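Here are some notes for a colleague who is opening this entry for the first time. Please read them with the structure in view, taking the points in order.

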Amino acid sequence: MLIRRPDPIPASEITDPALFRRRRAFLRYAAGVLGAAAVPAAFAVPGPHGRERLEVAVRGRFSTDEAPTSYASVTGYNNFYEFGVNKRDPARLAGSLRTRPWTVVVEGACERPRTFDIDELLRRFPLEERVYRLRCVEAWSMVIPWVGFPLAALLKAVQPTSEARYVAFETLHDPEQMPGQRRRILDWPYREGLRIDEAVHPLALIAVGLYGEVLPNQNGAPLRLVVPWKYGFKSIKSIVRIRLVPEQPPTTWHMAAPDEYGFYANVNPDVPHPRWSQRRERRIGELRKRPTLPFNGYAEEVAHLYAGMDLRRFY
Amino acid sequence: MRSPDPGKAALFLLCLLPLGGLLWDAASGGLGANPVEALSRRTGDWTLRLLLATLAVTPLRRLAGWRWIARQRRMLGLFAFFYACLHVANYLVLDQWLEWAEIVADVLERPWVTVGAVGFLLLVPLAATSTDAALRRLGGRRWKRLHRAVYLAAGLGVLHYLWLVKADLTPPLAYGAVLAVLLLARLPLAAALRPALGAPSGR
């Protein structure tokens, strides 16, 4: 159920829809080009935010029609502890991350384990735009127009075996490029995980861009997970390794504070975090709080995955 | 009417600078994507800093022999209370929109909020008895005993911050370390060290 809401964000915060549509018109025009990411940088025409545009083959699938959070907020207010614990640190410090060349190892319980090059992934899977709500465990939220492809498509390419019951993800571990990793604030590398049925759910996205352009480093370039019905920390950034495994994998925030961050981390207004009530949230760009919806408003799509589970216990 | 004290006037303006910075940033969009959180952070930080500055007065007077500083303590304490009031007002109004059911639940259910609320309530009687008249009415000894609550309030303030932080405990621990030093400096041992520090005698 994608709930229609009136548009409560001040007009000044929203990218002009005409501008947004013009970008789309350009992208349609550019269709037929092998793919913006494959175009040599010298020929690439940057988008309005100064980053390389991405060719989007499918638009709007599973998207909310809520107004997107401003580009400045999406890219300037980030939790990415690899670049510092303050929300502005990642935008300031993530320039040291080199996103080319970049490879992703997909291995474990599968028939065809292999290493993918990021540019190969961009060519191989048609990119979609998905405007998703993002709900942080700290009780703020955003609406983000991601560009990416379903995680299911990537997993299908390696043919998981019946042993594959969970999927484990890892972020790059390189304190040279990620200065926040010089301090052991968390147990690096950042790790996350999903149950296999969650991972192949059509809502689970591998994002490579936002607002029609290549993903900025602070948002998890060159590729990140987006799991919109779970708290933001599940959506691991800058992925270098994906492993299909038989057992529930250890995950970073759960290891740091198991009573605060569960493995499932489904958005649930009825299960308070020890430090935050989860009943309400502040949409970035708004002052008043709004009620938080079960599964972040994606209950119709995903609630069946948890039928029979006590979500107070498996939070 | 006492004679004007230029040091006091300068300190008054100095203590207003963080407020000026907040207003400037609020007007220019410098509070970022989540201004309520930024206001909370900054008013909380300044409350702790000024509380620690207030607690630094006695050690500085005793160990460094800065007698002039004692006259500024009341203003530092009142400014700490002022920023605490802004912090609490931001929480009640902009964060919670005066939804009292949510606020009560928050205070009762979340230890870090409870601790912050108690710390703030401890500061209220201290601010209320900050006048010369109140000091006379209470009598020096009782006034002093009451105002020792500031030690507890500062400790609760640090704990409040410590409990809020998700992973990087460095900033609250830094405040805690400064507080610990300021409290240790009050021990008789520290006074005995004074000659060794080469500071002039306080009397």
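This is a predicted model: local features need pLDDT of at least 70, side-chain atom pairs count only at pLDDT 80 or more; totals for chains, interfaces and linings use all residues.

1. The crossing of α1(B) with α3(B) is right-handed.

2. Which residues bring α1(B) and α3(B) together? From α1(B) come B:Lys8, B:Leu11, B:Phe12, B:Cys15, B:Leu16, B:Pro18 and B:Leu19, and they meet B:Met75, B:Leu76, B:Phe79, B:Phe82, B:Tyr83 and B:Leu86 of α3(B). Sorted by class, the contact of α1(B) with α3(B) has 12 nonpolar residues, one charged residue and no polar ones.

3. Helix α1(B) also packs against helix α2 of chain B, residues 35-64, and here the axes come within 11 Å and cross at roughly 175°. Because angles over 145 degrees count as roughly antiparallel, this crossing makes α1(B) roughly antiparallel to α2(B). On the side of α1(B) the contact involves B:Cys15, B:Pro18, B:Gly21, B:Leu22 and B:Asp25, while α2(B) supplies B:Leu39, B:Arg42, B:Thr43, B:Trp46 and B:Leu50. The residues of the contact of α1(B) with α2(B) comprise six nonpolar, two polar and two charged. Readers may wish to note that B:Cys15 and B:Pro18 are listed in the contact with α3(B) and also in the contact with α2(B).

4. Helix α2(B) has a further partner in helix α9 of chain B, residues 170-184, and the axes of α2(B) and α9(B) come within 9 Å and cross at roughly 20°. The two helices are therefore roughly parallel to each other, and the crossing of α2(B) and α9(B) is left-handed. The contact is formed by B:Asp45, B:Leu48, B:Arg49, B:Leu52, B:Leu55, B:Ala56 and B:Pro59 of α2(B), together with B:Tyr175, B:Val178, B:Leu179 and B:Leu182 of α9(B). By class, the contact of α2(B) with α9(B) has nine nonpolar residues, two charged residues and no polar ones.

5. Turning to the interface, how much area do chain B and chain A bury between them? The figure is about 2200 Å², with 43% of it on carbon and sulfur atoms. Chain B contributes 24 residues to the contact and chain A contributes 30 residues. The interface of chain B and chain A holds eight salt bridges by the rule applied. A salt bridge also joins the side chains of B:Asp95 and A:Arg282, with an N to O distance of 3.2 Å.

6. A cis peptide bond links A:Arg100 to A:Pro101, with omega of about -10°, and A:Pro101 lies in the loop between α3 (89-93) and β2 (103-108) of chain A. Another cis peptide bond, with omega of about -5°, links A:Trp188 to A:Pro189, and A:Pro189 sits in the loop between β6 (166-171) and β7 (191-195) of chain A.

7. Finally, A:Gln159 has a positive phi of about 55° although it is not a glycine, and A:Gln159 is found in the loop between α5 (151-158) and β6 of chain A.

Note on methods:
Residues are numbered from 1 along each chain as its sequence is written. Chains are lettered from A and ligands numbered from 1 in the order in which they are written. Side-chain values use heavy atoms; hydrogens and water are left out. A crossing is left-handed if the near helix is turned anticlockwise from the far one by less than a right angle, and right-handed if clockwise. Helices (H or I, at least four residues) and strands (E, at least two) are DSSP runs, numbered from the N terminus. Contact means heavy atoms within 4.5 Å. Ala, Val, Leu, Ile, Met, Phe, Trp, Tyr, Cys and Pro count as nonpolar, Asp, Glu, Lys and Arg as charged, and the others, Gly among them, as polar. Buried area is the accessible area (1.4 Å probe) that two parts lose on being put together, summed over both. A salt bridge is a side-chain nitrogen of Lys or Arg within 4 Å of a carboxyl oxygen of Asp or Glu. Axes are lines fitted to C-alpha atoms, for helices over the stretch in contact, and angles run from 0 to 180 degrees between N-to-C directions. Angles under 35 degrees count as roughly parallel, over 145 as roughly antiparallel, 65 to 115 as roughly perpendicular and the rest as oblique.
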